[in-house]
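Hi everyone, thanks for coming. Today I'd like to walk you through the ligand and the residues around it.

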Amino acid sequence: MKIYLDGKFVDQADAKISVFDHGLLYGDGVFEGIRLYQGNIFRLDAHLERLEYSAKALLLKMPWSRAEIAEATAETCRQNGLTDGYIRLVVTRGVGDLGLSPWLCPVPSIFIIAAKIALYPAEHYTTGLSICTVATRRMNPAALPPAVKSLNYLNNILAKIEAKQAGCLEAIMLNDQGYVAECTGDNLFIVHKGEILTPAASQGALKGITRDAIFDIAAELKIPMREVNLTRYDVWNADECFLTGTAAEVIPVVKLDGREIGTGKPGTITGRVLGAFHRRVVVEGTKI
Ligand code: PXG
């Protein structure tokens with residue numbers, strides 16, 4: 001596998017980062033997870049815009065243009081002969097001193113991995129996921145804005161550990177007011193009385209690229225959709241529930257905290273959204 005690292009393509013074994021890189025020492029950096037479908041990078045510009053916003057939030061000045069990063073991303077796919085896969089694009093603060101000071105890290109690093117992704121086991125796309133709510137709360141925006149896709153993912157990792165300990169593949173994280181924020185690596189949606197409802201980003205949800213696509217799909221399918229504050233009660237009493245993410249795409253949820261959602265089977269609106277998503281992934285991509 002060829003990895004793009006600071007302007008060069010290197011073998012996986014040679015793709016190394018310094019132990020003094022603040023991305024490693026402090027989680028000081030930003031990243032994107034992007035999909036490649038039949039030689040098309042899904043919503044690449046939106047991913048690169050989010051990367052720029054995340055970097056700006058950390059005052060991490062990226063010395064590359066969006067076009068340069070886009071080309072490096074496409075070239076990484078080409079170098080690996082990949083037409084379908086998952087791209088991980090990472091920007092670190094770069095090498096600095098021992099000590100937090102980011103201003104002592106003059107040169108950020110960028111690396112791009114284009115590989116395959118293990119989705120949820122295939123059967124869950126037809127049977128649906130059983131998820132739970134975990135005790136770990138989504139970070140307060142006044143501490144670390146959850147909209148920043150930073151290399152510091154411990155909040156989500158702690159929640160993921162709790163999910164696994166409870167025997168679930170994914171879990172709901174509440175914000176510190178007790179409203180549903182999102183899942184550990186996916187955005188959450190419910191269907192109630194024919195409407196699609198999802199928490200606003202201000203409730204602690206990442207502004208997911210797949211989530212954005214759901215707004216477009218809802219408009220296309222003429223299904224009303226709104227951002228609302230959701231409690232667990234709302235999800236327990238929903239007619240349908242589904243999650244979205246770059247890796248997960250659109251996956252139905254049929255149980256939360258031991259309570260069946262709706263009929264306990266993936267819902268019809270979820271199925272229509274999933275179908276519409278699959279029709280869009282290639283056409284909405286940038287050709288590599
Ligand atoms: N919420 C969070 C916290 C995420 O990290 C999403 C929602 C979905 O956003 P997109 O843009 O992908 O539709 C994400 C992104 C993993 C993993 O291994 C998942 C993400 C990122 C990194 C790793 O499960 N999902």
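Let's begin at G185: a polar backbone atom of G185 lies 3.1 Å from a nitrogen atom of the ligand. That is a polar contact, meaning a pair of N or O atoms within 3.5 Å. The protein covers 83% of the 540 Å² of accessible area that the ligand has on its own, by the Shrake-Rupley method with a 1.4 Å probe.

A word on the source: this is a predicted model, where local features need pLDDT of at least 70 and side-chain atom pairs count only at pLDDT 80 or more, while totals for chains, interfaces and linings use all residues. Residues are numbered from 1 along each chain as its sequence is written, and side-chain values use heavy atoms, without hydrogens and water.

An N or O atom of the Y153 side chain is 2.5 Å from one, and for R50 the distance is 2.8 Å.

How many residues surround the ligand? There are 19, and the closest are Y153, E182, I209, T210 and T246, where near means a heavy atom within 4 Å.

Finally, where does this shell come from? Domain 1 (2-115) and domain 2 (124-286) each give at least three residues, with bounds from an automatic or database domain assignment.

Notes. Polar contact = N/O pair within 3.5 Å; in protein donor to acceptor, adjacent residues only side chain to side chain.
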